[in-house]
Amino acid sequence: MDTPTSTRSATASVHKIPKEHYLNSSYGIRSWLLTTDHKRIALLYLFSVTFFFFVGGIFATIIRIHLMTPQGFLVTPETYNKLFTMHGVAMIFFFLIPSIPAVLGNFLVPLMIGAKDLAFPKINLLSWYIYLIGGCFVLYSFSTGGLDTGWTFYTPLSSVYSNSAVTPAVLGIFINGFSSILTGLNFVVTVHTMRAPGMTWFRLPLFVWAQYATSIIFILGTPVIAITLLLVGLERMFHLGFFNPALGGDPILFQHLFWFYSHPAVYIMILPAMGVISEIIPTFARKPIFGYSFIAGSSIAIAVIGFFVWAHHMFLTGESVYAALAFSFLSYLVAIPSAVKVFNWTSTLYKGSISWDTPMLYALGFIGLFLIGGLTGLFLACLGLDIHIHDTYFVVAHFHYIMVGGAVMGYLGGIHFWWPKISGRLYPESLARVAAIVLFIGFNLTFFPQFILGYLGMPRRYHSYPPEFQVLNVMSTAGASILALGYLLPMIYLVWSLKYGAVAGPNPWPATGLEWKTDSPPPTENFLVTPEVTWEPYDFETRPDLELDHIVAGKLPAPAHGDD
Amino acid sequence: MSEHIVSPKVYVGIFLSLMVLTAATVVAAYVNLGPFNIVIALAIASVKATLVVLYFMHARYSPNRTHMVIIAAVFWLAIMLALTLSDYVTRDRDLALNTRITALLGA
Amino acid sequence: MHRTGELYGQFETLEQQKESAALGMWVFLSTEVLFFGGLFMTYTLNRHYYPVAFGVGSNTLDLKLGGLNTVILILSSLTMAMSVWASSVGKRKQTTGFLLATLLLGTAFLGVKVIEYKQKFDHHLVPGYHFQIDYRVQHPAPYDDPKEIEAEKEELDKAFAKDPDLNAHAQLYFSLYFGMTGLHALHMIVGAGMLVWLIRQSMLGRFTPTYNTPVEMIGLYWHFVDIVWIYLFPLLYLIDRHR
Amino acid sequence: MQGQFPLLPEQASKLAPTVDLLMLFIVTICLFFAVAITAAVIYFFFKYERKHQTEIGVPIHGDMRLETAWIVVPLVLAMAMFAWGAVVYVDFRHSPGDTLDIYVVGKQWMWKVQQPNGLKEINEVHLPVNRDVRLVTASEDVIHDFSVPAFRVKMDVVPGHYNTMWFRPTKVGHYRLYCSQYCGTNHAVMTGWITVMEQADYAAWLSGVAGAEANPLVAGEKLFAEKACITCHLSDGQGRGPSLNGLYGRKVLLADGRTLTADDAYIRESILQPNAKIVAGYQPLMPSFQGQLTEEQIIALTAYIKSLPNEPPPPTGAGTAPASGKK
């Protein structure tokens with residue numbers, strides 16, 4: 001695995017950390033808590049989402065240990081139910097949804113389009129505080145009675161029957177929603193009005209396209225879950241009956257409104273990860289991405305069509321057969337743009353100059369895991385099959401492949417890719433490669449057995465299970481321990497590299513984006529002179545500033561086909 | 001954004017139209033038109049909303065991206081209402097079944 | 001980022017700043033459309049399920065007060081639009097005056113709303129354990145017109161015959177009534193707060209024909225709140241007036 | 001089929017082979033793409049590995065024909081999956097004319113089942129083989145889901161709605177029944193068994209038990225009311241006697257300070273000599289039922305007490321019947 005292909009070792013020693021940058025421009029806790037610098041806000045988010053990732057991770061660990069025996073030997077049913085609910089809430093609303101947009105998106109969108117900051121820096125800071133307040137509500141719920149409704153909050157269980165702290169939790173998610181909305185609003189406006197001269201729409205990095213598509217979902221989906229969960233909270237507080245059948249309400253309506261947001265929310269998690277992969281692959285294959293406009297367009301297509309498919313979560317609720325047919329059909333349509341992306345990524349590798357650097361390993365892992373996650377979505381969208389596998393471990397495995405295999409691999413890949421830009425330093429390469437491989441293996445060991453469990457009929461959210469399912473559950477738990485190690489490793493060496501890592505220089509890979517045209521770490525105002533973009537995206541050929549000598553024996557650049 | 005100043009006369013004209021339409025919707029509500037009452041009420045409300053958006057909110061004089069945002073908002077609202085209702089209006093309700101199971105639950 | 005006069009540091013030009021603000025406000029309003037949309041969806045489905053109860057509930061509302069409020073709110077939209085105009089042609093005093101008028105009209109709207117809510121509270125029409133759709137006919141006040149009570153009783157009897165669970169279903173109507181008008185009123189209160197700030201800024205002479213962005217933005221918000229009411233009025237007050 | 005390490009649950013209904021075939025179809029297509037893409041990616045990684053630090057790739061910006069191909073081909077295959085799935089689903093949702101109707105009521109956390117002749121079962125369903133069966137479902141509280149993997153069927157049981165499902169068992173045997181929609185604390189023990197019998201055996205079973213008395217749970221429930229146990233042992237613990245919910249297997253603290261685990265013997269003794277072991281916090285008020293109950297009745301009563309769910313039912317005012325079920 002250790003191939004001496006990296007350009008960094010040769011050049012790293014000549015670089016120095018710039019004298020002044022966004023991290024040392026001012027000091028003190030106030031300069032962080034009152035900052036309006038998008039890069040500092042990104043770091044604030046980085047700390048807070050990491051915190052929630054570990055909260056959710058601890059819950060997951062207990063769940064997996066508990067499921068080693070059929071009776072479940074660790075916790076009571078009540079506790080188990082709270083654990084998987086809190087795992088879901090912490091991971092989905094407070095880690096996955098904000099992870100890439102609020103950390104990498106915040107850091108990179110202005111840099112990538114050549115702006116000094118987002119359009120509304122104060123609103124950006126406000127979003128972080130809103131996130132924190134929402135997070136406090138949810139932590140309050142976790143610590144006073146917990147939450148046992150499932151992250152889906154299905155009524156009337158959540159609105160009438162649950163005795164846990166549902167009200168603070170739904171209020172927390174309601175509040176947190178506005179953080180997402182304001183982030184999305186900021187991105188959309190920034191992309192529209194803050195682009196540097198020459199940065200046309202079709203020169204935008206694909207990561208920005210992905211963030212833009214994600215923002216559409218933030219803006220038009222999040223308010224619906226906000227109001228819906230608010231109604232659940234009101235039901236509990238004032239004995240109202242919007243979704244309570246005993247008072248004439250309809251619990252299925254809740255599911256419609258819930259999934260109207262929560263299905264597109266899956267794309268909130270995966271689209272930015274796809275954006276990250278679309279940056280990593282051309283950089284480490286050293287060639288323009290194959291089918292730029294198709295990848296950009298498919299991001300928008302996923303965001304839009306993603307809103308037409310939600311009731312495929314409800315095929316077995318007694319939904320009308322006609323509606324089920326329509327939603328199944330539309331669900332198959334949304335698979336196409338994802339497939340287009342995978343094909344284009346694969347083709348980009350063809351005749352590339354591929355290096356095995358860590359971000360590329362994550363990209364490779366992402367493609368593998370996302371393939372499985374995406375393809376198993378076809379099983380669930382299939383009406384006839386869904387009758388059998390709905391609400392089983394098959395579903396659990398499927399969405400973990402998408403959200404953990406896809407979104408978290410993309411997130412970690414992105415963190416590694418842009419770590420030199422964020423911190424100005426390089427992480428230890430070989431350790432990072434080991435971590436990526438450990439993660440990939442651990443992940444598959446954890447979740448692949450769950451597909452089989454699901455087809456065998458093991459329902460999800462069971463604190464105990466029939467003994468015939470034990471072997472597969474033990475395998476899954478064993479895999480989870482490897483996975484946990486894979487998550488801890490980057491934590492350790494990334495922190496280590498802050499002090500001891502080699503100095504990266506402005507463009508260590510080298511990559512073509514505007515963010516690499518400024519110092520690492522960048523100055524507070526991002527660019528000392530407003531940059532002007534004269535090149536096409538991911539073009540290595542006509543970029544002498546990348547200091548690549550491109551006439552190399554055996555690899556003469558062929559005339560580009562197609563037109564720009 | 002090209003600065004376009006709308007004259008106060010236009011505003012007053014729009015205001016008067018809105019008043020007339022408000023009166024019209026109240027009058028229409030007192031006439032029994034069966035299912036068309038709701039249609040008329042929503043149609044009048046939509047005309048009023050359009051007037052407000054176009055003139056009071058200057059959408060008529062705004063760049064295309066503003067129009068896109070407005071269209072997106074209306075379109076997404078329509079998705080939510082239409083697709084949700086598509087489930088409810090195409091359900092078959094077996095009333096005989098309801099009675100039997102209701103009796104069972106009562107027992 | 002440093003601010004140079006009216007220009008915030010992240011922007012290059014005032015034009016860019018204004019465009020961004022306008023787009024931001026419109027995007028925010030599109031979020032608001034979907035936010036109210038969830039309530040409209042709940043309303044639509046329940047009205048579809050329980051037409052009788054929704055008709056009965058709607059008829060207990062005071063159409064005169066509702067109509068008055070519609071007029072007040074549309075008038076306030078006019079004054080708001082006028083203040084945007086006044087600020088863009090540099091008439092400072094008129095700007096302040098129109099903003100003040102808008103604030104007053106907004107407050108009047110909220111005042112009328114309070115009267116309506118009080119009525120519902122007195123008649124046990126606030127959802128909760130004490131909700132009783134026929135409370136008023138069971139416990140008429142001395143000043144109530146006996147004929148009116150008699151007519152209402154007859155209506156209720158007919159409705160109960162059609163929908164034995166009328167009480168629960170009417171409660172759903174009132175949950176939505178309070179939910180939708182309450183959320184709307186909350187937006188009015190936020191808008192009124194912003195108007196107070198705007199009036200102060202206007203009195204300090206902060207707005208000029210080249211820089212009146214805050215007036216325009218808050219104007220957009222105010223008109224949006226007006227539009228929500230334009231839909232709420234027929235949907236809540238005019239369901240079943242034609243009996 | 002059921003080896004040490006099965007990949008499929010047993011196929012015990014007419015639908016099961018169809019669903020498995022559909023699964024095989026989709027697995028084949030997906031496996032093809034997964035393997036092809038993974039192989040291509042890995043091949044490219046090795047074949048085009050960077051040879052020289054300053055090497056760049058061959059700039060290829062795209063190819064319209066390829067893009068069209070990989071939009072159209074997956075679309076066609078996806079439509080095939082959709083169509084086949086739709087056919088299976090539509091068949092599942094429309095029950096044939098002549099079905100054996102069985103009523104199922106879900107409540108936290110048990111299945112109450114009623115056979116066509118009125119016989120009631122709890123967490124157990126007896127069915128004849130090779131007969132179309134329709135389940136008519138309702139819920140008394142939250143959303144449940146009646147799921148039988150061996151039949152490849154499931155359907156949500158939703159309060160306020162009456163969902164139906166049908167299937168045709170094809171194989172005699174015992175099959176697991178699950179609640180597959182998360183429904184609260186004891187969701188995981190809201191399970192049971194489906195017993196598929198030969199048609200003749202089913203008929204005999206149905207008539208042989210002559211109504212409810214043969215099912216100990218049902219008989220026990222009846223006795224629990226008839227003998228007035230229910231008047232003191234209120235399920236919410238507010239009665240003169242302790243609540244018996246979830247008693248079986250639990251540790252019980254006695255008035256004299258001892259603790260014991262409630263087992264069959266303890267329940268039996270407490271019915272016959274109630275004052276032998278008084279639960280802490282309660283008075284010795286209960287009369288002895290020695291000689292008043294037959295052995296069979298004691299067994300039935302014990303069985304019923306053992307079946308009582310762990311948690312008290314939801315607080316009053318929460319509503320326990322679907323809206324349109326109310327009078």
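## Ground rules

Since the model is predicted, local features need pLDDT of at least 70 and side-chain atom pairs count only at pLDDT 80 or more, while totals for chains, interfaces and linings use all residues. Residues are numbered from 1 along each chain as its sequence is written, and chains are lettered from A and ligands numbered from 1 in the order in which they are written.

Helices (H or I, at least four residues) and strands (E, at least two) are DSSP runs, numbered from the N terminus.

## Where chain A meets chain D

Here 93 residues of chain A are in contact with 84 residues of chain D, contact being C-beta atoms, placed from the backbone, that lie within 7 Å. On the chain A side, α4 (77-113), α6 (157-161), α9, α10 (292-305), α11, α12 (358-381), α13 (383-389) and α15 (429-456) each supply at least two residues. The most comes from α11(A), with 15 residues.

By class, that side of chain A divides into 55 nonpolar, 27 polar and eleven charged residues. For the classes, Ala, Val, Leu, Ile, Met, Phe, Trp, Tyr, Cys and Pro count as nonpolar, Asp, Glu, Lys and Arg as charged, and the others, Gly among them, as polar.

## A helix pair in chain A

Helix α9 (residues 251-285) and helix α11 (residues 321-349) of chain A pack at an angle of about 15°, with their axes 9 Å apart. The axes are lines fitted to C-alpha atoms, for helices over the stretch in contact, and angles run from 0 to 180 degrees between N-to-C directions. So α9(A) and α11(A) are roughly parallel (angles under 35 degrees; over 145 is roughly antiparallel, 65 to 115 roughly perpendicular, and the rest oblique).

The crossing of α9(A) and α11(A) is left-handed, meaning that the near helix is turned anticlockwise from the far one by less than a right angle; clockwise would be right-handed. On α9(A) the contact uses A:Met274, A:Ile277, A:Ile281, A:Pro282 and A:Ala285, and on α11(A) it uses A:Lys341, A:Trp345, A:Thr348 and A:Leu349. That works out as seven nonpolar, one polar and one charged residues.

## The sheet in chain D

Chain D has an open sheet of five strands, with mixed pairing and the order β4-β10-β9-β6-β7. Strands β4 (124-128) and β7 (153-157) of chain D have a single partner each, so one side of each is left without a neighbour in the sheet. From one strand to the next, the twist averages 20°.

Two strands pair if DSSP finds at least two bridges between them. Strand β9 (residues 173-179) of chain D pairs with β6 (residues 144-148) in the antiparallel sense over two bridges, and D:Phe146 has D:Cys179 as its bridge partner. With β10 (residues 192-197), β9(D) is again antiparallel, over five bridges; there, D:Gly173 is bridged to D:Val196.

## Chains B and C

Chain B has four helices and zero strands. Among the chain B contacts with a separation of 6 or more, 50% join residues 24 or more positions apart.

In chain C, C:Met188 lies in helix α7 (residues 166-203). C:Met188 is buried, because 23 other C-beta atoms lie within 10 Å. Leaving aside neighbours within four places in sequence, C:Met188 touches C:Gly106, C:Phe109, C:Leu110 and C:Val225.

Two cis peptide bonds turn up in chain A: A:Trp509 to A:Pro510, with omega near -10°, and A:Ser520 to A:Pro521, with omega near -10°. A:Pro510 is in the segment after α16 (470-500) of chain A, and A:Pro521 also lies in the segment after α16.

Some non-glycine residues have positive phi. A:Arg286, at about 50°, is found in the loop between α9 and α10 of chain A and counts as buried, with 29 C-beta neighbours inside 10 Å. D:Asn130, at about 55°, lies in the loop between β4 and β5 (133-139) of chain D and is partly exposed, with 13 other C-beta atoms within 10 Å. Just after α4(D), D:Ala228 takes a positive phi of about 65°.

Conventions:
Contact = placed C-beta atoms within 7 Å. Buried ≥ 20, exposed ≤ 12 C-beta atoms within 10 Å, placed from the backbone.
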